[in-house]
Amino acid sequence: MSSLHVVATIPVKPESAELASAGLSQLAQATREEEGCISYVLYESAAAPGTFVTVEEWRSQDDLDAHLASPHVAQAFSDFGAHLTGEVAVHPLRLV
């Protein structure tokens, strides 16, 4: 079975970028310790400042689902919901 690759985009208000960067960095650290997380890297887009991007690799869809249901993800959505400028988009990827 092959691993699951995922890209997520998180658009935040420009005035919230510094706050989001710190909070999302903490989320990334907690996520890297999760069962089934192979890789989880946080970026901020150079083309669209204030848009954060995660590039992730998970052992399986079940592991990704557990991550999305985890307390630290729920806390992050609660903490940063007011700072978002749009929807968080999670993109599981298929190799072409």
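In what order do the strands of the open sheet lie? The order is β2-β3-β1-β4, four strands with antiparallel pairing. The edge strands are β2 and β4, residues 89-92, each of which pairs on one side only. From one strand to the next, the twist averages 15 degrees.

Before going on, the ground rules. This is a predicted model, where local features need pLDDT of at least 70, side-chain atom pairs count only at pLDDT 80 or more, and totals for chains, interfaces and linings use all residues. Residues are numbered from 1 along each chain as its sequence is written, and side-chain values use heavy atoms, with hydrogens and water left out. Helices (H or I, at least four residues) and strands (E, at least two) are DSSP runs numbered from the N terminus. Two strands pair if DSSP finds at least two bridges between them. Axes are lines fitted to C-alpha atoms, for helices over the stretch in contact, and angles run from 0 to 180 degrees between N-to-C directions.

Now β3, residues 51-58. Seven bridges join β3 to β2, residues 37-44, and eight join β3 to β1, residues 4-11. Glu57 in β3 stands opposite Ser39 and is also the bridge partner of His5. The β2-β3 hairpin has six residues between its strands, and Gly50 in the turn has a positive phi of about 90 degrees.

Last, the helices. α1, residues 17-32, packs on the sheet and touches β1, β2 and β3, contact meaning heavy atoms within 4.5 Å. The direction of α1 makes about 170 degrees with that of β2. Helix α2, residues 61-68, lies across β1, β2 and β3, at about 140 degrees to β3.
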